[in-house]
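Please follow this walk through the structure with the sequence and the coordinates open side by side.

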Amino acid sequence: MGSAEIFGIVLFGLIIALTMYVTYLASKRTSGTGDFYAAGRSLTGFQNGLAIAGDYLSAASFLGIAGLVALHGYDGFMYSIGWLMGYVIVLYIIAEPFRNSGNFTVSDVISYRLEQRPVRTAGAIVTMAITAFYMISQLVGAGAIINLLVGIPYEISLVIVGVLMMIYVTLGGMLATSWVQIIKAVILMAAMLLMLIFIAIIFKFNLSSLFGTIIDGANIGRFGEVGGQGMQFLTPGHLYTNPIDLLSLGLTLILGTAGLSHLLVRFFTVPTAQAARSSVVWGMVIIGSFYFIIAIIGFAAAALVGEDAINEAGGGGNMAAPLLAQALGGGAGTLGGELFMAGISAVAFATIVAVVAGLVITGAGVFAHDIYTNVIKRGEVDQRKQFKVARITAFVIGVVSIILGILAKNFNVAQLVTYAFAVGASSNLPVIIFSIYWRRFNTKGAVASMLTGTFTTVILILISPPIMGDAAIFPLTNPGLVSIPLGFLAGVIVSLMTKPEDNDKIFAEMSVRSHTGLGAE
């Protein structure tokens, strides 16, 4: 075992030790459902902004987007723009009323003035679908990273990550998960800035030099002749030849952020709506900075590493950032290159574990709070029993996710995550907006919207080119252009065609609560 591998293992160990210690401290303060699901509403706006960034900047962002930009140029860059712009909708439409209207889960908001059991059941289906797609992408990235750095087989790598995330969640709950995400966000941004400094020095602090190298090629010191991909690399059509496909992707990324269950529940961890709004602003600043840097990293990988080396590493381009770190440090086989790659890989590992923990706690909360407590037990269950069910659910989700991650080994993680965004935009977003802002909206409309959005999205994904290849029935890579309008239309049409519910008083109460915070916990 070489010095770089030893260094990588030590870094992995230090990150695990630090996060385990945080989990231990959090477990001593986690005694009830409020602590487990919402961190006791104890985070400040800045802390939650960091946690949001830690939750959002996943393997798809760090590994997937860097790979897509490195292999597909402009089209890959569109992923980062879409994900960032989604927070504008969250800030102006969702954050404050959502925080004031709910309690622990997305279904708390949706079901506030509707029938509890059908809405919570449909909401659980939506959240589980989002969690599954998001979780698979993170585990694929984790397996690839650990396999590249340490040489542990992909399948065993998934088991290691799965065990860690189950420990974080079952022992420490949301409080531990939040602080793991905060630590991860700080480490990730520091690593990105370090890579950016190296890139800036190589290209003499000149973006034109970087893009000129990509277009025309150049001889850059120890890197030799690099770049030369041509102008078409920086124009649309490299990944998506169909402009309708690119439109569908953009719609999904921008609207999907406001429908992701594991991000929305972060607004319940702060004490006030003002703190929720503040946390979105802080999150946007951090996330915006990240996406600018990751685009530069992707383009630098295209220039300095090259398409052949990135493809040879496998995983649909997921290893572009670690391979760039290796090149910046001195190249393959050099001590500096191997150590730098090990360090960046360890950061990617921390990124994945933090996001996965957030996903697991969301899934556990949905089953324990929405299905078990409010559907099966009709609200008649003590907190201790619900707490136990949530922990058992977290374990089950971890096991199932490992199995699904093994089956999705060769997908690009950023493309996998867009499926979660499509489900969120097609099902959660319509019912959240209608529940908060539309008086005529009813239970049947909510259930129709959620189920139509979810099942349409999943079916179209299964018959799309990434899954079926040349035999695909649905022509678009991403289903958002079809599934999102259908989700909204189903809610509107069914609500207008069915009997209105006599809940004007509750709607008025919810409007006051969601927009002023009066009566919110």
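Leu 407 is exposed, with a relative accessible area of 68%, where exposed stands for over 50%, buried for under 20% and partly exposed for what lies in between, calculated with a 1.4 Å probe and protein chains only. This residue belongs to helix H16, which covers residues 383-407; helices (H or I, at least four residues) and strands (E, at least two) are DSSP runs numbered from the N terminus. The model is a predicted one, in which local features need pLDDT of at least 70 and side-chain atom pairs count only at pLDDT 80 or more, while totals for chains, interfaces and linings use all residues. Residues are numbered from 1 along each chain as its sequence is written, and side-chain values use heavy atoms, with hydrogens and water left out.

Leu 407 is also one of the members of a nonpolar surface patch, together with Ile 392, Phe 395, Val 396, Val 399, Val 400, Ile 403 and Leu 404, and the patch has about 720 Å² of accessible area in total. Such areas come from the Shrake-Rupley method with a 1.4 Å probe, and for residues only the protein chains shown count as cover. Patches are made of residues with over 30% relative accessible area and no salt bridge, with like charges joined within 9 Å and nonpolar side chains (Val, Leu, Ile, Met, Phe, Trp, Tyr) within 5 Å; a salt bridge is a side-chain nitrogen of Lys or Arg within 4 Å of a carboxyl oxygen of Asp or Glu.

Helix H16 also holds Arg 384, which is exposed at a relative accessible area of 74%. Arg 384 gathers with Lys 377, Lys 385 and Lys 388 in a surface patch of positive charge.

What, then, of the interior? Asp 75, in helix H5 (residues 74-101), is buried, with a relative accessible area of 0%. Leaving aside residues up to four places away in sequence, Asp 75 touches Pro 236, Gly 237, His 238, Leu 239, Tyr 240 and Leu 246, a contact being heavy atoms within 4.5 Å.

Helix H14 (residues 320-329) is largely enclosed by the rest of the structure, because nine of its ten residues are buried; among them are Ala 320, Pro 322, Leu 324 and Gln 326. After H14 comes Gly 330, which has a positive phi near 140°.

For the protein as a whole, the secondary structure comes to 21 helices and two strands, and 60% of the 521 residues count as buried. Of the contacts with a separation of 6 or more, 81% are between residues 24 or more positions apart.

Technical notes
Lys, Arg positive; Asp, Glu negative; His and termini not counted. Charge placed at Lys NZ, Arg CZ, Asp CG, Glu CD.
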